[in-house]
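Please keep the sequence and the model in view while reading.

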Amino acid sequence: MEYHIKASSVSNQDAVVTIKKSAIDFGTTKKTAEVLPNPAELFLGSFASCILKNVERFSGMMKFSYKKATIEVDATRLENPPRMENITYNLKIHSNDKKLNTVLLKKNIEKFGTIHNTVKLSCAISGTISTVGDV
């Protein structure tokens, strides 16, 4: 598989990344630092998106149903050189399905997630998966 995106910025203004038919604004200036995502947050968003995509993918393969999945991601950034050192995530799957094996799901996400596998080469990743019943 190959991917293609476009991004652009204007001096003293913010930027946009265009992916397929989506445009995502992101901050490059101090005036929008509290409003728009910065590149590090977009990176973590890609990480979270990869995990959520794999929940959907593996729900079919592992034959479990779920109503929704939510994920929170935290990261530690080092300064010199600037890099992510540690990423942690907490994935919650809203499901009453007894066939949902969270241990196997976590193993599959960590083995087959493109972004997960790319990131784990450069920083530590740890995460938890839990279920929320009464759906």
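Of the 135 residues of the protein chain, 28% count as buried. The model is a predicted one. Its exposed surface comes to about 9400 Å², of which carbon and sulfur atoms supply 53%. Along the principal axes, the C-alpha atoms fill a box of roughly 55 × 35 × 35 Å. Among contacts between residues at least 6 apart in sequence, 50% join residues at least 24 apart.

The chain contains 3 helices and 6 strands, and these follow one another in the pattern β-β-β-α-β-β-α-α-β.

A separate part of the description concerns the open sheet. Three strands build this sheet in the order S4-S5-S6, with mixed pairing. Strand S4 (68–78) and strand S6 (124–132) are the edge strands, each pairing on one side only. On average, neighbouring strands of the sheet are turned by 15° against each other, direction ignored. S5 and S6 run parallel and are joined by 9 bridges; Ile 93 stands opposite Thr 131 in S6.

Helices pack on this sheet. H1 touches S4, S5 and S6, and its direction makes about 35° with that of S5. H2, in turn, touches S5 and S6, and its direction makes about 145° with that of S6.

The largest nonpolar core here has 20 residues, and Ile 51, Leu 91, Ile 93, Leu 105 and Ile 109 touch the most other members. Helix H1 (39–61), strand S5 (83–94) and helix H2 (102–112) each supply at least two residues of this core. The largest share, 6 residues, comes from H1.

Ile 93 links several of these themes, as a residue that is among those touching the most other core members and that stands opposite Thr 131 in S6. Not counting residues up to four places away in sequence, Ile 93 touches Val 55, Tyr 66, Lys 68, Ala 69, Leu 100, Leu 105, Ile 129, Ser 130, Thr 131 and Val 132.

Terms used
Residues are numbered from 1 along each chain as its sequence is written. This is a predicted model: local features need pLDDT of at least 70, side-chain atom pairs count only at pLDDT 80 or more; totals for chains, interfaces and linings use all residues. Side-chain values use heavy atoms; hydrogens and water are left out. A nonpolar core is a set of buried Ala, Val, Leu, Ile, Met, Phe, Trp, Tyr and Cys residues joined through side-chain atoms within 4.5 Å. Buried means under 20% relative accessible area, exposed over 50%, partly exposed in between (1.4 Å probe, protein chains only). Helices (H or I, at least four residues) and strands (E, at least two) are DSSP runs, numbered from the N terminus. Contact means heavy atoms within 4.5 Å. Two strands pair if DSSP finds at least two bridges between them. Axes are lines fitted to C-alpha atoms, for helices over the stretch in contact, and angles run from 0 to 180 degrees between N-to-C directions. Accessible areas come from the Shrake-Rupley method with a 1.4 Å probe; for residues, only the protein chains shown count as cover.
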